[in-house]
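Reader: I am new to this structure and would like to know what its labels rest on. Could you take me through them?

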Amino acid sequence: MLEIDHLLLQRDGRNLRYDLQLEAGQILAIQGRSGAGKSSLLSAIAGFLSPRKGSIRWQGASLDSLPPEARPVSLLFQDHNLFEHLGVWQNLCLGFDGAVPEQALRHAAAELEVDDQLNKKPPELSGGQRQRIALIRTLLRPEAIVLLDEPFAELDSHTRQLATRWTRNTAKSGGKTLLMVTHQNDDVEQVADRCLQL
């Protein structure tokens, strides 16, 4: 279980408060107006934003003192986080301590219709292609908690449908606990188990 207990963040002079419990393996959509603190919550869980008060626990153990790289978290920012100087395939293979799941990566690339882009560099890709590549890398990493910030924003209706279905199926089959910020109600209906309004 992921437990956010009396968490207090401060951003731009405003106090943001959170209390949340999410069962392991659940998918939570987070919605709310701009500036409500959706992305700030993801940053705090990932360890990039230090809370003023409160705690974050995973499976009963505190994450508060752990640096980002030591947390069981895989995070997709809105800017996709691809390394421009590396090839797409190299980007996909980053972050695995043991053997790279090459077959799973290639299968996901085919399912999301970017398998013909694997030999290119990120600057050669469209925004939607970059987003799907980053989504694959984030979901197939070994971490138990997945944080997605507007993961489908640049996708057209066809690729959005592919990506939402793939995201839900992959998270569920991998037992991932997933938190997803989105402004789209369709994303909530197609991906999430429940929705939190901030």
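Author: What follows sets computed values against the definitions behind the labels. This is a predicted model, in which local features need pLDDT of at least 70 and side-chain atom pairs count only at pLDDT 80 or more, while totals for chains, interfaces and linings use all residues. Residues are numbered from 1 along each chain as its sequence is written, and side-chain values use heavy atoms, with hydrogens and water left out.

Reader: What makes E1 and E2 a pair of strands?

Author: Strands (E, at least two residues) and helices (H or I, at least four) are DSSP runs, numbered from the N terminus. Two strands pair if DSSP finds at least two bridges between them. Strand E1 (residues 2-11) and E2 are joined by 8 bridges and run antiparallel, so they meet that definition. Within the pair, Arg11 stands opposite Arg14 in E2.

Reader: Why are E2 and E5 said to stand at the edges?

Author: The open sheet has 4 strands in the order E2-E1-E4-E5, with antiparallel pairing. Strand E2 (14-22) and strand E5 (61-62) each have a single partner strand, so one side of each is left without a neighbour in the sheet. Helix H1 (residues 38-46) packs on this sheet and touches E1, E2 and strand E4 (53-58); the direction of H1 makes about 115° with that of E1.

Reader: How do you know that Arg57 and Asp5 form a salt bridge?

Author: A salt bridge is a side-chain nitrogen of Lys or Arg within 4 Å of a carboxyl oxygen of Asp or Glu. The N to O distance for Arg57 and Asp5 is 3.9 Å, so the pair qualifies. A search of the whole structure finds 7 salt bridges.

Reader: What makes E7 largely enclosed?

Author: 5 of the 5 residues of E7 are buried, so the rest of the structure largely encloses this strand. Both faces of E7 are covered, with Ile145, Leu147 and Asp149 buried on one side and Val146 and Leu148 on the other. E7 runs parallel to E6, joined by 4 bridges, and parallel to E8, joined by 5 bridges. Val73 stands opposite Ile145 in E7, and Leu147 stands opposite Leu179 in E8.

Reader: Why are H4 and H5 called roughly parallel?

Author: Axes are lines fitted to C-alpha atoms, for helices over the stretch in contact, and angles run from 0 to 180 degrees between N-to-C directions. Angles under 35 degrees count as roughly parallel, over 145 as roughly antiparallel, 65 to 115 as roughly perpendicular and the rest as oblique. The axes of H4 and H5 cross at roughly 5° and come within 11 Å; the two helices are therefore roughly parallel to each other. Contact means heavy atoms within 4.5 Å, and residues making it include Leu135 and Leu139 of H4 and Trp166 and Thr170 of H5.

Reader: What makes a set of residues a nonpolar core?

Author: Such a core is a set of buried Ala, Val, Leu, Ile, Met, Phe, Trp, Tyr and Cys residues joined through side-chain atoms within 4.5 Å. The largest one here has 34 residues, of which Ile133, Leu135, Ile136, Leu139, Leu148 and Leu178 touch the most other members. H4 supplies the largest share of this core, 5 residues. A second, separate core of 25 residues includes Ile30, Leu41, Leu49 and Ile56.

Reader: Why is Asp12 called exposed?

Author: Asp12 has a relative accessible area of 74%, so Asp12 belongs to the exposed class. Asp12 is found in the loop between E1 and E2 and has a positive phi of about 50° although it is not a glycine.

Definitions and conventions:
Buried means under 20% relative accessible area, exposed over 50%, partly exposed in between (1.4 Å probe, protein chains only).
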